[in-house]
Amino acid sequence: MHKKMITLGAALLCAAGAHAQSSVQFTGIVDTFAGAMKMAGDANRQSVVDSSGLTTSWFGFKGTEDLGGGLKANFAVTSFIKSDTGAQGRFTNDALFSRDANVSLSGDFGTVLLGRWMAPNFLPSVVGNPFGDSFTFSPLILHMNVPLFNGTGWTATTPADTGWSNQIVYSTPRLGGFQANLQYQFGEVPGDNGKKNIGANFFYFGGPLTVTGFYERDQIRNYPLASGASTLIGATKKDWALHGAYDFGMVKPFLSYGQASADNTADKAKTVQLGASIPAGPAGKVLVDWVQTEKTLTGVKRKTATLGYDYNMSKRTDVYAMYMNDRITDKTTGNSFGVGIRHRF
């Protein structure tokens, strides 16, 4: 009996050890705000309870398995959601797992990923501005990634969305404070097998100093995604930017510069950013950012400035208040404001 108990105990310990080598996490963010929105060129202000004030709401599953010898298998399937209505995605025709749908292997060599993941432009621009990944109030993200559909003709400077489908990514291991990603997206368009997106980005975190940047050469759109088919941009577009920040303790200033161009026009978009994050008490911070994008051929300028306050109620929950001014040459000025709650799980 004693030997049987020892054998059973050893089997249970082995099973527990095997289970500990794998993990799956259900995770996400719910961010909802109330306010009134009016962008440059809008005729009227719209009162809203809306999703994704500071972070696009999302949920999903991420997991990893320890394969031994320092090698791990990883996966992520995550979905955007409108937290004010429960609708799927960021916009109409967004695929269910349009945020992440990938599998990867990682080890001392770095990481190799296959599937849908961030585009090269996304994470550097998030790290490089005080409002992070806010598609509602961050001037830098708005200029780069959110076109206006109000007659102004304003288009996003990044041509192929913030996420790429059908891509291969190689991520280097961390070398001191440096890491980089090399990314290649297959077009998968019959008869146009040469069409593709390629890009790279890098990150350097050295104490209080942050430096990051990206480069893209794009021929493939990544939205709408409902059909599952890639579509061509119709031109070859290039986009790059450099971002820097330095945390002095009392203030963390942000500075960036970037350009976007295409082979079917002489017009370029040149974007400059000045921003700061300022601690306000043990749990709060004041956020301020100003961004100007100028079209070199037409001389049209867009200037957007946001002032905000973010207060952490806990490690997972914060509340915020934002005010934004948006201007485009010869168009009506827009002023927006909102107060919201963001919860991470």
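A cavity is a set of grid points where a 1.4 Å probe fits but cannot get out, and its lining residues have an atom within 4 Å of a point. In this predicted model, the structure holds 1 cavity of 30 Å³ or more. The space in this largest cavity comes to about 90 Å³. Its lining is made up of 15 residues, and those closest to the centre are M144, W240, A241, G258 and T271. Two or more lining residues come from each of the elements α3 (139–145), β11, β12 and β13 (269–279). The largest share of the lining belongs to β12, which gives 5 residues. By residue class, the lining of the largest cavity contains 8 nonpolar, 6 polar and 1 charged.

The second largest pocket has a volume of about 440 Å³. It is lined by 20 residues, of which T155, A156, T157, P159 and K237 are the closest to its centre. The elements giving two or more residues to this lining are β11 (231–246) and β12 (252–262). Both β11 and β12 are also named among the elements that line the largest cavity. The lining of the second largest pocket divides into 8 nonpolar, 6 polar and 6 charged residues.

The pairing of strand β1 was examined next. Strand β1 (residues 22–37) pairs with strand β3 (residues 58–68) in the antiparallel sense, over 8 bridges. Within this pairing, S23 stands opposite T64 of β3. Strand β1 is also joined to strand β17 (residues 334–344) by 8 bridges, and these two strands run antiparallel. Here I29 stands opposite R344 in β17. A further 6 bridges join β1 to strand β2 (residues 46–51), again in the antiparallel sense. In β2, D50 is the bridge partner of F33. In a regular strand the side chains alternate between the two faces of the sheet.

S22 is placed in strand β1. With a relative accessible area of 36%, S22 is partly exposed, because this value falls between the 20% limit for buried residues and the 50% limit for exposed ones. Leaving aside residues up to four places away in sequence, S22 touches T64 and E65. S22 and L54 are 32 residues apart along the chain, and their C-alpha atoms are separated by 32 Å.

T317 lies in strand β16 (residues 317–328). This residue counts as buried because its relative accessible area is 17%, and buried means under 20%. The side chain of T317 makes a polar contact with the side chain of H343, at 2.7 Å. Apart from residues up to four places away in sequence, T317 touches Y311, N312, I341, R342, H343 and R344.

N312, another residue touched by T317, lies in strand β15 (residues 301–312). At 33% relative accessibility, N312 counts as partly exposed. Its contacts, not counting residues up to four places away in sequence, are with A283, T317 and D318. N312 and P282 are 30 residues apart in sequence, and the distance between their C-alpha atoms is 9.0 Å.

Backbone angles set two further residues apart for description. S52 has a positive phi of about 70° although it is not a glycine. This serine is found in the loop between β2 and β3. S52 is buried, because its relative accessible area is 10%. N166 likewise has a positive phi, of about 50°, and is not a glycine. N166 lies in strand β7 (residues 163–171). With a relative accessibility of 26%, N166 counts as partly exposed.

Definitions and conventions
Residues numbered from 1 in each chain as written. Predicted model: local features only at pLDDT ≥ 70, side-chain atom pairs only at ≥ 80, totals over all residues. Heavy atoms only, no water. Helix = DSSP H or I, 4+ residues; strand = E, 2+ residues; numbered from the N terminus. Buried < 20%, exposed > 50% of the residue type's maximum accessible area, 1.4 Å probe, protein only. Polar contact = N/O pair within 3.5 Å; in protein donor to acceptor, adjacent residues only side chain to side chain. Contact = heavy atoms within 4.5 Å. Pairing = 2+ DSSP bridges. 1 Å grid on protein atoms, 1.4 Å probe; cavity = no way out; pocket = protein on both sides within 12 Å on 5 of 7 lines; lining within 4 Å. Points joined across faces, edges and corners; volume = space filled by probe spheres on them. Nonpolar A, V, L, I, M, F, W, Y, C, P; charged D, E, K, R; others polar.
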